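Me: Could you take a close look at one part of this model and tell me how it sits among its surroundings? I would like one connected account.

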Amino acid sequence: MGDSGYGKTTFVSNYIREKNLPTVWIQLAGTERYAHMFLSYLKVGICKLKNEEYPLETVLPKNTDLEQEEIASLLSRQSTPMYIVLDDYQSVDASPEIGFLLTTLINRASSMVKFIVISRVRPSLSTTKLKMEQKYMELSTADLAFTLKRRKNFIIRRINWHLKIMSFS
């Protein structure tokens, strides 16, 4: 979690790309604050990742519980690594429905499924159990901020400039 512009999305996407991790990436924009919409995007993402046919229609609100159970069951049987990235989680964080849904999916998922939540604010998810099981890690703005030395190394590597460290303050 961290303020806008600190590189949360860039950090995670670069890590996933460098490690070539099988990932479902959902860019949350607010419409996903409804469980049926969230599940629709998640289901399509999982199907695409597994190279399976995916539904072209949105999950109907009346089928939310059935879809949640189907996806939870699928994630509980996952036997190969899968990463699910929820980017801009702050846009759905106010929805208790999404919080409950995500907590259920996290708790039911196999150990091969890793959830990465990118947010500008601390998500209001219940993380106590996950922390106790050492399944939860949080990066803050301070963790993502470049130090003077890291800024210099970045510019030297990326732009090939050789500037004095004093010029970065």
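Predicted model: local features only at pLDDT ≥ 70, side-chain atom pairs only at ≥ 80, totals over all residues.

Reply: Two strands are taken as paired if DSSP finds at least two bridges between them. Strand 2 is joined to strand 3 by five bridges, and Met82 stands opposite Val113 in strand 3.

The part to look at closely is helix 3, which comprises residues 64-76 and reaches 18 Å from its first C-alpha to its last, close to the 18 Å expected at 1.5 Å a residue. Its buried residues are Thr64, Glu67, Gln68, Ile71, Ala72 and Leu75; seen down the axis of helix 3, they fall within an arc of 130 degrees, so they line one face of the helix. An α-helix has 3.6 residues a turn, so residues three or four places apart point the same way. The buried residues of helix 3 pack against helix 2 (35-49), strand 2 (82-87), helix 4 (96-108) and strand 3 (113-117), whereas the face turned away from the buried side carries the exposed residues Asp65 and Leu66.

Within helix 3, Glu67 counts as buried because its relative accessibility is 12%, under the 20% cut-off. Apart from neighbours within four places in sequence, Glu67 is in contact with Leu39, Lys43 and Val59.

Definitions and conventions: Residues numbered from 1 in each chain as written. Heavy atoms only, no water. Helix = DSSP H or I, 4+ residues; strand = E, 2+ residues; numbered from the N terminus. Expected span 1.5 Å × (residues − 1). Buried < 20%, exposed > 50% of the residue type's maximum accessible area, 1.4 Å probe, protein only. Arc of directions from axis to C-beta. Contact = heavy atoms within 4.5 Å.
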